[in-house]
Amino acid sequence: MNIRKCLVALAAGYLMALAPAYAAPKSVIGTWLTEDDAGRIRIELCKPGSDTICGFVVWMKSIKDDDGKIRLDEKNPDTKKRSRQLLGHELILSLKPNEDDRYAGKIYDADNGKSYDVTLWAEEPNEVRVKGCFLHYLCGSQTWKRVTDIAPGQLIGATGQPNGPRRDTE
């Protein structure tokens, strides 16, 4: 074996030994059950080949309000969106990867019609941490659990297709 081949083999072995330290971050792509078990959020790439992620409500424990009517986005500041159903709407809005191997951007809260700064990341293969902040110092976080089953009433179609969630125009 010549010296060049030997050096290449040594370098390859060294890089393979370091590989676990530089492993790709755990994936956040998938369907997640919220901490309060009230909803399932499907997280996917916003567009094929992009590095931004979007998230959609694909299941709700209760799609009807106390009056038995389908839950609508009644508190949205955009009056044109107040008649849209909450099931299927986009709540995670184009989060981008940041220097901490996390995703950062905005999340929409239909309970009050406001958007918040959010950071999202996976610490474990079957958990996603979601940290939302208002004014950068009033923060709260949740842990969502990965689900692989299909709940009754869950949207399973592709985004923008029948029985699938829909992209927001925000």
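In this predicted model, strand β1 (residues 30–33) pairs with strand β8 (residues 138–147) in the antiparallel sense, over three bridges. Two of the residue contacts in this pairing can be named: W32 has R146 of β8 as its bridge partner, and L33 has K145 of β8 as its bridge partner.

Strand β8 also pairs with strand β7 (residues 127–134); these two run antiparallel and are joined by eight bridges. Here E127 stands opposite K145 in β8.

The strands form a closed barrel of eight, in the order β1-β2-β3-β4-β5-β6-β7-β8, with antiparallel pairing. Neighbouring strands of this sheet are turned by 30° against each other on average, with direction ignored. As a general point, strands of a sheet pair through backbone hydrogen bonds, either parallel or antiparallel.

Which kinds of ring contact does the model show? A search of the whole structure finds zero aromatic pairs. Charged groups do sit over rings, however: the charged end of R40 lies over the ring of W59, and that of R84 lies over the ring of Y108. The distances to the ring centres are listed here.

| Charged residue | Ring | Distance from charged end to ring centre |
|---|---|---|
| R40 | W59 | 5.6 Å |
| R84 | Y108 | 5.7 Å |

Note on methods:
Residues are numbered from 1 along each chain as its sequence is written. This is a predicted model: local features need pLDDT of at least 70, side-chain atom pairs count only at pLDDT 80 or more; totals for chains, interfaces and linings use all residues. Side-chain values use heavy atoms; hydrogens and water are left out. Two strands pair if DSSP finds at least two bridges between them. Helices (H or I, at least four residues) and strands (E, at least two) are DSSP runs, numbered from the N terminus. Axes are lines fitted to C-alpha atoms, for helices over the stretch in contact, and angles run from 0 to 180 degrees between N-to-C directions. Rings of Phe, Tyr and Trp (its six-membered ring) pair if their centres lie within 6.5 Å; planes under 30 degrees apart count as stacked, over 60 as edge-to-face and the rest as tilted. A charge sits over a ring if NZ of Lys or CZ of Arg is within 6 Å of the ring centre and within 35 degrees of the ring normal.
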